[in-house]
Amino acid sequence: MTQDIRQRLDNHPAPNRKFETALNQGKVTATDLTVERVGVSTRQIDYRFNEAKSHEGASDVAENLVRRVDYLLEPLAIIERDPAESQIQIRSQKPTQDGDSRRYYEMNVDSKGISIQRYKTTGTGRESEEIHLTRESFERVCRDLDDAAAPKGKPRS
């Protein structure tokens, strides 16, 4: 799987193009992906499950992600669960503070999949920012999304 992701990154066309790759449990899509020699940047990372999850299944995925994805700029934590909509929201535990602005990751998990974005907040509101990752970290995020989506009882890497 890592080789396939790496090869797709190597062959990714011009900057700011959509990136998609099918994995074992679903499909990863990165919006406006730009691939450079060492890193990548994207507006959003989406992962769609091959099979819809129940609220309990989505909750298991969210908990697994918080445990697995410990290499981003800030540690993650589940901050909200909405069982009626089968939605779980994960955010940076402690956002990065930069003067009067804060930056943080936000992941939303529901029955259909996972979305990852990065935001910057100031006194006037919040705006989406690019996610900057090394190529290795991007590959790892893709693998961790897929591994977290594996049904309970199936071996995870």
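Q: Hi! Which residues does Glu 74 touch, not counting residues up to four places away in sequence?
A: Hello! In this predicted model, Glu 74 touches Ser 92, Lys 94, Pro 95, Thr 96, Arg 103, Tyr 104, Tyr 105 and Arg 118.

Q: Nice list. Where is Glu 74 placed?
A: Glu 74 sits in the loop between helix H2 (55-68) and E5.

Q: And is Glu 74 buried or exposed?
A: Glu 74 counts as buried, because its relative accessibility is 3% and buried means under 20%.

Q: What separates the C-alpha atoms of Glu 74 and Glu 130?
A: Those two C-alpha atoms are separated by 15 Å, and the residues are 56 apart along the chain.

Q: Let me zoom out. How many helices and strands are there in the protein?
A: The protein has 3 helices and 11 strands. Starting at the N terminus, the elements run α-β-β-β-β-α-β-β-β-β-β-β-β-α.

Q: How compact is the protein?
A: It is as compact as a globular protein of its length, because the radius of gyration is 15 Å, close to the 15 Å that the globule rule gives for 157 residues. As for its extent, the C-alpha trace spans about 45 × 40 × 20 Å along the principal axes.

Q: What share of the residues is buried?
A: Buried residues are 46% of the 157.

Q: What about contacts between residues 24 or more positions apart?
A: Such pairs account for 48% of the contacts with a separation of 6 or more.

Q: Let's go inside. Which residues touch the most other members of the largest nonpolar core?
A: That core has 34 residues, and the ones touching the most other members are Ile 45, Leu 65, Val 109, Ile 114, Ile 116, Leu 133 and Phe 138. Helix H3 (residues 135-149) gives the largest share of this core, with 6 residues.

Q: Pick Ile 45, then. What is Ile 45 in contact with, leaving aside neighbours within four places in sequence?
A: Its contacts include Val 28, Ala 30, Ile 114, Ile 116, Leu 133, Phe 138 and Leu 145.

Q: New topic: rings! How many aromatic pairs does the structure hold?
A: The structure holds 3 aromatic pairs. One of them is Tyr 47 with Phe 49, an edge-to-face pair with 5.9 Å centre to centre and 70° between the planes.

Q: Are Tyr 47 and Phe 49 buried or exposed?
A: Tyr 47 is buried, with a relative accessible area of 0%, and Phe 49 is buried too, at 9% relative accessibility.

Q: What about the rings of Tyr 104 and Tyr 119?
A: Their centres are 5.8 Å apart and their planes are at 35°, so that pair is tilted. Tyr 104 lies in strand E8 (residues 101-109) and Tyr 119 in strand E9 (residues 113-122), so the pair ties together parts that are 15 residues apart in sequence. Tyr 104 is buried at 4% relative accessible area, and Tyr 119 is buried at 8%.

Q: Which charged end sits over the ring of Tyr 119?
A: That would be Arg 126, whose charged end is 3.7 Å from the ring centre of Tyr 119.

Q: Now backbone angles. What is phi of Asp 32 near?
A: Phi of Asp 32 is near 50°, a positive value in a residue other than glycine. Most residues other than glycine have a negative phi.

Q: Where does Asp 32 lie?
A: Asp 32 lies in strand E2 (residues 26-35), and it counts as partly exposed at 33% relative accessibility.

Q: And what can you tell me about phi of Ser 86?
A: Phi of Ser 86 is positive as well, near 50°. Ser 86 is placed in the loop between strand E5 (76-82) and strand E6 (87-92), and at 15% relative accessibility it counts as buried.

Q: Last one: where is Ser 41, and what does it contact?
A: Ser 41 is in strand E3 (residues 39-42) and counts as buried at 7% relative accessibility. Leaving aside neighbours within four places in sequence, Ser 41 is in contact with Asp 32, Leu 33, Thr 34, Glu 130, Ile 131 and His 132.

Definitions and conventions. Residues are numbered from 1 along each chain as its sequence is written. This is a predicted model: local features need pLDDT of at least 70, side-chain atom pairs count only at pLDDT 80 or more; totals for chains, interfaces and linings use all residues. Side-chain values use heavy atoms; hydrogens and water are left out. Rings of Phe, Tyr and Trp (its six-membered ring) pair if their centres lie within 6.5 Å; planes under 30 degrees apart count as stacked, over 60 as edge-to-face and the rest as tilted. Buried means under 20% relative accessible area, exposed over 50%, partly exposed in between (1.4 Å probe, protein chains only). Helices (H or I, at least four residues) and strands (E, at least two) are DSSP runs, numbered from the N terminus. A charge sits over a ring if NZ of Lys or CZ of Arg is within 6 Å of the ring centre and within 35 degrees of the ring normal. A nonpolar core is a set of buried Ala, Val, Leu, Ile, Met, Phe, Trp, Tyr and Cys residues joined through side-chain atoms within 4.5 Å. Contact means heavy atoms within 4.5 Å. The radius of gyration is taken over C-alpha atoms; the globule rule is 2.2 Å times the number of residues to the power 0.38.
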